[in-house]
Amino acid sequence: MLEATITCPECGHREKETMPTDACVHFYECRGCGTLLKPRANDCCVFCSYADHPCPPLQENRAAHRG
């Protein structure tokens, strides 16, 4: 999955974004309130912390462990 919806923990704004397949996104500015989101402890990127789907590298890793 390459699209995910990020939800801001500060204002609740939701934004659909396309995730990069070759890099982690360490910072994301909420388009609702301007808060700069950073990954939570032990998460590799903002998608893993605040989106409805984890980043593509983590999705691939999970799929490899299931197969």
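The questions and answers below take up salt bridges, accessibility, the nonpolar core and contacts.

This is a predicted model, in which local features need pLDDT of at least 70 and side-chain atom pairs count only at pLDDT 80 or more, while totals for chains, interfaces and linings use all residues. Residues are numbered from 1 along each chain as its sequence is written, and side-chain values use heavy atoms, with hydrogens and water left out.

Q: Why is the pair K16 and E3 called a salt bridge?
A: The term requires a side-chain nitrogen of Lys or Arg within 4 Å of a carboxyl oxygen of Asp or Glu. The closest N and O atoms of K16 and E3 are 3.3 Å apart, and the pair therefore meets the definition.

Q: Why are E15, E17 and R31 described as one network?
A: The three residues are joined by salt bridges that share partners. In E15 and R31 the closest N and O atoms are 3.1 Å apart, and in E17 and R31 they are 2.9 Å apart. E15 lies in strand 2 and R31 in the loop between strand 3 and strand 4 (36-37), so that pair ties together parts 16 residues apart in sequence.

Q: How do you know whether E17 is buried or exposed?
A: The relative accessibility of E17 is 14%, so E17 counts as buried. R31, by contrast, counts as exposed at 53%.

Q: What makes a set of residues a nonpolar core, and which members touch the most others?
A: Such a core consists of buried Ala, Val, Leu, Ile, Met, Phe, Trp, Tyr and Cys residues joined through side-chain atoms within 4.5 Å. The largest one has 14 residues, of which I6, L37, V46 and F47 touch the most other members. Its largest share, four residues, comes from helix 1.

Q: What does T21 contact beyond its neighbours within four places in sequence?
A: With contact taken as heavy atoms within 4.5 Å, T21 is in contact with L2, P56 and P57.

Conventions:
Buried < 20%, exposed > 50% of the residue type's maximum accessible area, 1.4 Å probe, protein only. Helix = DSSP H or I, 4+ residues; strand = E, 2+ residues; numbered from the N terminus.
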